[in-house]
Structure formats: structure tokens, C-alpha cells
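Let's take a friendly walk through a protein model, one piece at a time. Have the sequence and the 3D view ready, and follow along as the residues are named.

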Amino acid sequence: MQALTPHVYWAQRHGEIYLRVEISDAQSLSIGVEENILHFKGKGHGAKGENEYEFSLEFLKPVKPEVKHKSTQRQVNITVKKQEHVWWNRLTKQEKKPLFLAPDFDRWLDESDAEMELREKEEKINKINIESRVRKDPFLGLKKGFLFMYNLVQLLGYSWIFVNMTVRLFILGQDSFYDTFHTIADVMYFCQMLAIMEVINPAVGLVKTGVMPAFIQVMGRNFILFVIFGTLEEMQNKPVVFFVFYLWSMIEIFRYPFYMLACIDTEWKLLTWLRYTIWIPLYPLGVLAEAVAVIQSIPIFDETKLLSIPLPKAIGTSLSFSYILQLYLVIMFLGLFINFRHLFKQRSRRFHTKKRKAN
């Protein structure tokens, strides 16, 4: 059979040359580098049908004699390592490009892109090396197990609250507004007492979130639940209790399953979107409902003198707790601003990272 020249496509990186020889079902391959010249010979189906194909390329600069090649049903891929990690302005020593040679645009990068790719590889290798040197936490499994169970219990608790209130709303209508506290309070007490762990967990390093945002949210809710609703029987029959409890539960039935799945390195895209989006309308509505509860409780505290602070006779009889509530309203909306800012940063960071990974 007559020896012919196949189509050859090339690309480079700083340390390697890539050649793609258009011969399918190649057989009897002979590939090697001698005196900086690559010699190729083989049989297969190429541009001129089933034939024997061969070519030689004298490289622009020195290369290593070792050649790696891999034959597939469609082509032969050849990798040649450069002696020096430098960028070549052409492939061959002769200035005129051989007719059978063309750029491999599937792998082609210009010098700046190749440098960026090289830096990314180096960063990835460095990251792997650093991670391999970091001592693994022997209690990681135990910590994840504890956090998984905590989030599961909270999910069950808030799901019961949400479902119970929803069913009662459909059956009783507006009448369900007036006995929400007596129906739901015990489970809400349990969930909110347990939520104190959300302040302890970041404080002891179990999770990597900030302590202050968790403290503001948990302590704020517990103040409303135990002080405003728990100590005033007059507040327990007001419709505002329904709206406060319902908004709290609507937020948590998406937040806790998200954290629960994160403990087992699992993510549902819809749940992630809901966790980082649904709080945008619900969180300020919840704070607004809490503020209404505080405002409605002020005249009751004034009238009953409950939790008033005794003062010396020279100054007056007592300091009404309502003054503290008025100060608390200011702190509440300041906390809303701090938490809203923190949550928006979390959301933007989360979706920005996912967008970078997708690209």
C-alpha cells in the first residue's frame, strides 16, 4: 500500500504538545522521537481511505524522548513533553507550516488562557495538599449526627405546628385565631427552648455561622413567647398569637430540612432556593407581627404593673415594664436590620458560589 500523510491537528500548553492524528481503527503504530523529530507510522482509515500513513515533524525546541499515545476508534492522540516549560510561537523548526498540519481548535488556548489554566491547576493541587495535611476531626461523624438529629427534631416540631394550625384554620376559620396559644403553646415552648442550641452550636464551633445573628433571633422569639404571651393571659386569646406562630413555623419548615440534608452532604435545588428566598417576605412580616404583640401588651403591663421595677420612695413608686417594651421595639427593628443584612449576605454568597461552579 502507498504511504500517505494523514491530517494532523496540534495544540500546546507550557509543558506539553498535543497532536491529534485523524486515523480511525489504527493498527501497527510506530511512534517515537529521535533527534527532536517525531516519527509516526501506522495503518488505518484516514483521509485517503484504508492505507498506511506516516509523517515526521521536527519540533521548534527540544522535547523529551518519551511519547505517550492513545488510539481510539476515531483518532490517535499523542502527547509530547517539552524540555522547558515555555510557550512556542509555532510547532515546527521550519517556518513554513506543513500542509497536513492545522491547529486543534478543540484544545487550542492562547498563552494567557494557558497560564490561567496552569494557575488553576496549581491552586487545585495546593488546595488538595493543604487539605491532606489538615488533621481530620475524629468526632466529625458524631457532630454531624448530633446536628442532623437536632434539625430533624425541630423540623418535626415546627411541621406539627404548621399542619395543626393550617387544618384548624380550614375547619374553624377565624375562630382558630383565638385559641392558638392553648393548642400550640406546649410544642412551641419545646421548640424555642431547644432553639437555644443555635446559639451554643456556633459558640462551641459545631457550626460556622455567627453567634450574634442567632442570639438576636432566638432570644427575640423567646422574649415574645415567654414574656409577652406566657405571662399575660390577656394576650393569649388575641389573633396576633396565630400570626406570630404561623409565620415562625412557615420559615422553619424550610430552614431545618435544608440544614438536615447539609449534614449528610445532600442538596435539593428547590429546597435551597426556598430556604434562601422565602424568608425575604416572611421574616419582616414575622417581626411586624411580634411588634404588634408588643404594642398590644404595653397597656396591659401598665394596668397590671406586672414586671414593673420598684423604685425608692424618693424617686417614685415603680418603673413600668412598658418603658422596657418601648426600648425593646427599637432594639427589635435594629435586630431586623442586622439579621436581614446577614441573611442577604448568606444568600448572595451562596448563589454567587453556585454560579461560579456552574461556569
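## A kinked helix: H9

Start at Ser297 in helix H9, where there is a kink of about 30°, shortly before the proline Pro299. Keep in mind as you look that this is a predicted model. How does the span of H9 compare with what its 26 residues should give? At 1.5 Å a residue, H9 (residues 279-304) should span 38 Å, and its end C-alpha atoms are 36 Å apart, so the two values agree.

Just after H9 comes Lys305, with a positive phi of about 60°. Lys305 is a residue other than glycine, and it belongs to the loop between H9 and strand E10 (309-310). Is Lys305 buried or exposed? Its relative accessibility is 54%, and Lys305 counts as exposed because the cut-off for that class is over 50%.

## Another positive phi: Asn36

Elsewhere in the chain, Asn36 also deserves a look. Although Asn36 is not a glycine, it has a positive phi of about 65°. You can find Asn36 in the loop that links strand E4 (24-34) and strand E5 (37-46).

## A bent helix: H3

Now turn to helix H3, which runs over residues 180-194 and has 15 residues. From its first C-alpha to its last, H3 reaches 21 Å, close to the 21 Å expected at 1.5 Å a residue. Where does H3 bend? The bend is at Asp186, and it is about 40°.

Several residues of H3 are buried: Thr180, Phe181, Ile184, Ala185, Met188, Cys191 and Gln192. Which helices do the buried residues of H3 pack against? They pack against H2 (140-172), H5 (211-229), H6 (233-236) and H7 (239-262).

Helix H2 holds Asn151. With a relative accessible area of 7%, Asn151 is buried, because that value is under 20%. Leaving aside neighbours within four places in sequence, Asn151 is in contact with Tyr256, Tyr259, Met260 and Cys263. Asn126 is 25 residues from Asn151 in sequence, and their C-alpha atoms are 35 Å apart in space.

Arg168 also has its place in H2. Arg168 has a relative accessible area of 19% and is buried. Again setting aside neighbours within four places in sequence, Arg168 is in contact with Gly173, Ser176, Asp179 and Thr183.

An unreviewed UniProt entry carries the annotation "transmembrane region" for residues 145-167, 187-207, 214-232, 244-264, 276-301 and 321-340. For residues 276-301, the figures are 96% helix and 0% strand, with the end C-alpha atoms 37 Å apart.

## Pairs across the chain

Glu115 sits in helix H1 (residues 111-133) and is partly exposed, with a relative accessible area of 33%. Glu115 and Leu156 are 41 residues apart along the chain, and their C-alpha atoms are separated by 52 Å. Phe139, in the loop between H1 and H2, counts as exposed at 51% relative accessibility. Between the C-alpha atoms of Phe139 and Lys96 there are 65 Å, and the two are 43 residues apart in sequence.

Finish with Phe100, in the loop between strand E8 (76-82) and strand E9 (101-103). Is Phe100 buried or exposed? Phe100 is buried, with a relative accessible area of 18%. Not counting residues up to four places away in sequence, Phe100 touches Thr5, Pro6, His7, Val8, Phe55, Ser56 and Leu57. Phe100 and Leu19 are 81 residues apart in sequence and 12 Å apart in space, C-alpha to C-alpha.

Note on methods
Residues numbered from 1 in each chain as written. Predicted model: local features only at pLDDT ≥ 70, side-chain atom pairs only at ≥ 80, totals over all residues. Heavy atoms only, no water. Helix = DSSP H or I, 4+ residues; strand = E, 2+ residues; numbered from the N terminus. Expected span 1.5 Å × (residues − 1). Bend = angle between axes of the 7 residues up to and from the residue. Buried < 20%, exposed > 50% of the residue type's maximum accessible area, 1.4 Å probe, protein only. Contact = heavy atoms within 4.5 Å. UniProt positions renumbered as here; feature names shortened; annotations may be inferred.
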